[in-house]
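Biologist: I would like to learn how to read a structure like this one, feature by feature. Could you start with a charged pair and go on from there?

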Amino acid sequence: MTRILIVEDDPALRGSIRSTLEHSGYEVRTAGDGAAGARELQAETYDVVLLDIGLPFIDGWRILGSLEGRRVPPVIVISARGDERDKVRALDLGADDYLAKPFGADELLARIRAVLRRTQTAPGPNVVIKAGGVTIDLAGGVVLRDGSELRLSPTEYGLLAALARHSGQVIDHRTLLREVWGPSYGDERNYLRTFAQRLRMKLEQDPKNPKIIVTVGSRGYRFGPPA
Ligand code: CA
């Protein structure tokens, strides 16, 4: 059963999200402040976390920051702060998605399904792709840099695998967003910019002069040199 943690201090919203999710067959735990949320994340494993930003004791930014580098479930930030800088900041800190309040039940469920689909990707074709000292084993879902395994979030891996499967070809923004984030995405170029940058920091010898995750003008992205 898929387990979801809701970290939200507004009791009415927390309750309504909980009943929406339970009706859809998810197992739900809740935390009413940031400290309780952080404790839950230490103690238990979850498949998805819904994380508010404005929280008592420890805010959502600090929780996100503390997750960096740990093996953690995908995080969807739910926040009343809908501006673009907050979205970018959340993604920079490792969130997988950002949902501005108020949102409808259908939209929330669609985002959760999309994030789960990214996490539970079926094994890829039995193909190993190499570029710039990096090896990607699509069947095993393993990425090596100079022989040691890299730790990537599900979404980072999803984007890398989508690009690597079409190694040497330009993939346009819309196609990438649909393939990695899901069918309801298409205009969120800032998601691609943020995740491409995160991948470069992990993969590239010189992230400022990328050879693996290449931006191709306004057309899209390409894995490695042109085919
Ligand atoms: Ca709040």
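Modeller: Start with Glu156, which counts as buried because its relative accessibility is 2%, and the cut-off for buried is under 20%. Keep in mind that this is a predicted model.

Biologist: Which residue forms a salt bridge with Glu156?

Modeller: The general idea is that side chains of opposite charge can pair when their charged atoms come close. Here the partner of Glu156 is Lys202, and the closest N and O atoms are 2.8 Å apart. The pair links distant parts of the chain, with Glu156 in helix 6 (residues 154–165) and Lys202 in helix 8 (residues 189–203), 46 residues apart.

Biologist: Is Lys202 buried or partly exposed?

Modeller: Lys202 has a relative accessible area of 25%, so it counts as partly exposed.

Biologist: How many salt bridges does the structure hold?

Modeller: It holds 13 salt bridges. One of them joins the side chains of Arg29 and Glu40, at 3.3 Å from N to O. This pair also links distant parts of the chain: Arg29 lies in strand 2 (residues 27–31) and Glu40 in helix 2 (residues 34–43), 11 residues apart.

Biologist: How do I read the accessibility of Arg29 and of Glu40?

Modeller: Take each residue in turn. Arg29 has 33% relative accessibility and therefore counts as partly exposed. Glu40 has 15% and therefore counts as buried.

Biologist: And which residue meets Asp97 in a salt bridge?

Modeller: Asp97 meets Arg111, with 3.0 Å from N to O. Asp97 belongs to strand 5 (residues 97–100) and Arg111 to helix 5 (residues 105–119), and the two are 14 residues apart. Both Asp97 and Arg111 are buried.

Biologist: Are Asp52 and Gly54 buried or partly exposed?

Modeller: Asp52 counts as buried because its relative accessibility is 4%. Gly54, at 47%, counts as partly exposed.

Biologist: Next, helix packing. At what angle do the axes of helix 4 and helix 8 cross?

Modeller: For a helix pair, read the distance between the axes, then the angle, then the hand of the crossing. The axes of helix 4 (residues 84–92) and helix 8 come within 10 Å and cross at roughly 30°. Angles under 35 degrees count as roughly parallel, and helix 4 and helix 8 are therefore roughly parallel to each other. Their crossing is right-handed. Helix 8 is also the helix that holds Lys202.

Biologist: What do strand 11 and strand 12 form?

Modeller: They form a hairpin with 3 residues between the strands, and Gly217 in the turn has a positive phi of about 50°.

Biologist: Which strands make up the open sheet of 4 strands?

Modeller: Its order is 6-7-8-9, with antiparallel pairing. Strand 6 (128–131) and strand 9 (148–149) are the edges. Strand 6 is joined to strand 7 (residues 134–137) by 4 bridges, and Ile129 stands opposite Ile136 in strand 7.

Technical notes. Residues numbered from 1 in each chain as written. Predicted model: local features only at pLDDT ≥ 70, side-chain atom pairs only at ≥ 80, totals over all residues. Heavy atoms only, no water. Pairing = 2+ DSSP bridges. Salt bridge = Lys/Arg side-chain N within 4 Å of Asp/Glu carboxyl O. Buried < 20%, exposed > 50% of the residue type's maximum accessible area, 1.4 Å probe, protein only. Axes fitted to C-alpha atoms, helices over the stretch in contact; angles between N-to-C directions. Parallel < 35°, antiparallel > 145°, perpendicular 65-115°, else oblique. Left-handed = near helix turned anticlockwise from the far one by under 90°.
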